[in-house]
Amino acid sequence: MDIFFYLSKIFWLALNPGNVFFLLVLTATLLLWLGKIIISRFVLTALVLAMTVVAFFSVGSWLLYPLESHFPINPILPKQVDGIIILSGGVGAKSTIVKNQTQVNGQVDRELAFMRLARLYPNAKLLYTGGSSSLIQQRFKGADAARRMMMEQGFSVDRVLFERESRNTVESAVLSQNLLRPENGENWILITTAWHMPRSVGVFCVTGWPVIPYPVDYKTSKEGLFNINFSFANHLNDLDVGIKEWLGLVAYRITGRTNEVMPSACSWGNM
């Protein structure tokens, strides 16, 4: 699992669209100085065309929408819920600890949904899973930052089991299962960002832990897929996210961490 963790980080850095654009500019510049003018022109022209498309169209949304629409929004939940799981991401671990002040980001819908569902199901077990995904800074844990945020919001963290050692979705599923030992027939809700839900469900299914997908934090809509607006930075960010998630889906399938490239819910419990 350690080898997979480090290789995935290196692989993503190499294929990050922003990094690719930079490397192409660098390559074209070097070719120009080496006198390879025709090849340099070709590289620069292709780069400008690609960047123009990204600047005016949300290409990333084309990748994210199929992921976000794979599971229903606001699913019908069972009357009996045995537990609620949330994957970390909405609270900045490093910034919260360094600033000594809770710092949230655009994925905080996860934490908000978790607290709302916990109040809706007062007898459900609660699990918050997430450590640090950093290669070198393992002391900043997502679970620690989330505990602080929830306490500040008046939420009773005594009900919550915090798993703080996982570094990715696979480890979250495995370590959480080892902690809770869920039984067959139980209803467990899984909360995470909508575009991340297919891969997450697939991982939990492979571990033998059926979950009810509860996606939140949507970035796309069907109506806005082909809108034209100039926003290179925002579109590039969505493209980064979309490519990373699809690469993650393929990598997880190849390495046996999921059973499908686009996993479906393995069970809906005792609904």
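Among contacts in the protein chain between residues at least 6 apart in sequence, what percentage join residues at least 24 apart? The share is 75%, where a contact means heavy atoms within 4.5 Å.

This is a predicted model, in which local features need pLDDT of at least 70 and side-chain atom pairs count only at pLDDT 80 or more, while totals for chains, interfaces and linings use all residues. Residues are numbered from 1 along each chain as its sequence is written, and side-chain values use heavy atoms, with hydrogens and water left out.

The protein chain holds 10 helices and five strands, these being DSSP runs numbered from the N terminus (helices H or I, at least four residues; strands E, at least two). Buried residues account for 45% of its 271 residues, buried meaning under 20% relative accessible area, exposed over 50% and partly exposed in between, with a 1.4 Å probe and protein chains only.

Strand S4 (residues 188-193) is mostly covered, since six of its six residues are buried. Its pairings are listed below; two strands pair if DSSP finds at least two bridges between them.

| Strand pair | Sense | Bridges |
|---|---|---|
| S1 (residues 83-87) and S4 | parallel | four bridges |
| S4 and S5 (residues 212-216) | parallel | five bridges |

Gly83 has Trp188 in S4 as its bridge partner, and Thr192 has Pro215 in S5.

The loop between helix H9 and S5 contains Pro210, which counts as partly exposed because its relative accessibility is 31%. Pro210 and Met151 lie 59 residues apart in sequence and 29 Å apart in space, C-alpha to C-alpha.
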